[in-house]
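Let's take a walk through this model, from a patch on its surface to the cores inside. Keep the sequence and the 3D view at hand.

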Amino acid sequence: MIRTIKDKIKTNFQGEFTQNVIKLVTGTAISQFLVIISTPLLTRIFSPADFGIYGLFASISGIFIVILNAGYEQAILLPEKEEDAINLLAFSAAFSVAFSLLIFLIIILFNSLLTSMIGIKDFQLLLYLIPISNIVKGFNQSQIYWCNRKKQFARISKNRIMAAIVLTFFSLLFGYLKYKAYGLIFAFILSDIISSLFLLYSFCKEDFAKLKFISIKNMITQIKQFSAFPKYNIWSSFINSFSLNLPTIMFSGLFNPSVAGYYSASYKFITMPVSLVAGSFSQVFFQKASEERNNPVNIEKLSYETYKKLLSIGIIPFSIILGFGDLIFSYALGSKWLIAGQYSQILSVFFLLILVSSPLSYLFPALYKPKPGFIWSIILLLSRVIPIFIGYYVFNNPFLTVVLFGLSCTLIRFTFCLYLLRMVGIKITESLTYTLSRVLPVLLFVYIIRLMFFR
């Protein structure tokens, strides 16, 4: 019996998919551990308003991330020949520089107008840092997809660890020097710069010779061949990024930076395990799905098994957040973060669904189906924007606004999960039954424990 179990475990972990996920999870786990152990210190050094301004900067910068490479960074995985892929890599990097310079010019011309729209005077100077952040992130994105194509997951893992070390060190240093929100933003940018230099060094060391394949003619050929990415995928990704970052901006503009800080902290700290697992699964899933895109049976099996694994991984920790998020935040981060803990409780099921749906959303580019991905990105955007407007204009209450936001996002995200599974051949009744049978008993158990012992 014991030998049978050991053999089964060994077999499961010998698969290429699982091995690659483990490489990424290991690096991400170490990087997130550094962030986690520094968090109680940072939340006592920086105020909710500081985190709100930092979250606002990261959100504004994050909106443009998906446009930086014109959507072609995901296409790097698709060409059969490496000389074609290197041309996509070169174009992606060049476009990110050109686009960031355009953003810089817009900021120069309309700085005062943009600052007044945001409503925070400190942003007049901070706006000039956005193009710098974007250039670095655009380069990072294209390089990571290149590493993904070549199955260099260990390199991606090392890069994440290095970025986390830099982010943690400089956040604490600038916090000690009383730089307030500026300190968090400077550390954020320096982290990206160091990781970019690491990727550049690694590329030059192993792939520098491949630059000879870059030509304007081949680049134009690849741009035309994968033209659906900028036509549909880039707008789909832009809307997704916009909807992901918009709540922080809206909470700051409609209410105040402290409310944005509570939401940003809740989102950041609770989605750390999401980025730990979902990010690793996503990169390996995208690479594997791209390989198997002409084999429907393998795609169906890969998608459903990924969904099941992520649901099993996430249900326990997110149920604990649902039941005890307020207590955890107050104890770990300090009493002033109680509201952030309450927000995390409201959004816990939504965060769980982000975990299980994030890798599966790569089915759209992997199967080259940008149109349904674009439609769903609009639906997901509306599921976030509408409840925030209703919460503000009808109730003018940030807590009720977060409640409406959480309910809307949870319902639509779950529907999105069912759609993705149906797209690869899994019946809605089957995936619905499986999900509810796993989630509801655990949620109910945790809720009962909370009522019995922690009123």
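Helices here are DSSP runs of H or I with at least four residues, strands are E runs of at least two, and both are numbered from the N terminus. This is a predicted model, so to speak of local features we need pLDDT of at least 70, side-chain atom pairs count only at pLDDT 80 or more, and totals for chains, interfaces and linings use all residues. Residues are numbered from 1 along each chain as its sequence is written, and side-chain values use heavy atoms, leaving out hydrogens and water.

I378, L382, I386, F389, I390, Y393, V394, F395, F399 and L400 make a nonpolar surface patch of about 910 Å². Two elements give two or more residues to it: α16 (370-395) and α17 (398-423). Helix α16 supplies the largest share, eight residues, while L400 sits in α17.

Now look at α6, residues 129-149. Its 21 residues reach 31 Å from first C-alpha to last, close to the 30 Å expected at 1.5 Å a residue (the span is 1.5 Å times one less than the number of residues). Of those 21, 17 are buried, meaning under 20% relative accessible area with a 1.4 Å probe and protein chains only. After α6 comes K151, with a positive phi near 60°.

Finally, go inside. A nonpolar core is a set of buried Ala, Val, Leu, Ile, Met, Phe, Trp, Tyr and Cys residues joined through side-chain atoms within 4.5 Å. The largest has 111 residues, of which F51, F57, F123, F251, Y307, F351 and L363 touch the most other members. Helix α13 (residues 296-333) gives this core its largest share, 11 residues. Another core, of six residues, lies apart from it and includes I156, F198, L199 and V284.

Definitions and conventions. Patch = residues over 30% accessible without salt bridge, like charges linked within 9 Å, V, L, I, M, F, W, Y side chains within 5 Å. Areas by Shrake-Rupley, 256 points an atom, 1.4 Å probe, with all protein chains shown as cover. Salt bridge = Lys/Arg side-chain N within 4 Å of Asp/Glu carboxyl O. Buried < 20%, exposed > 50% of the residue type's maximum accessible area, 1.4 Å probe, protein only.
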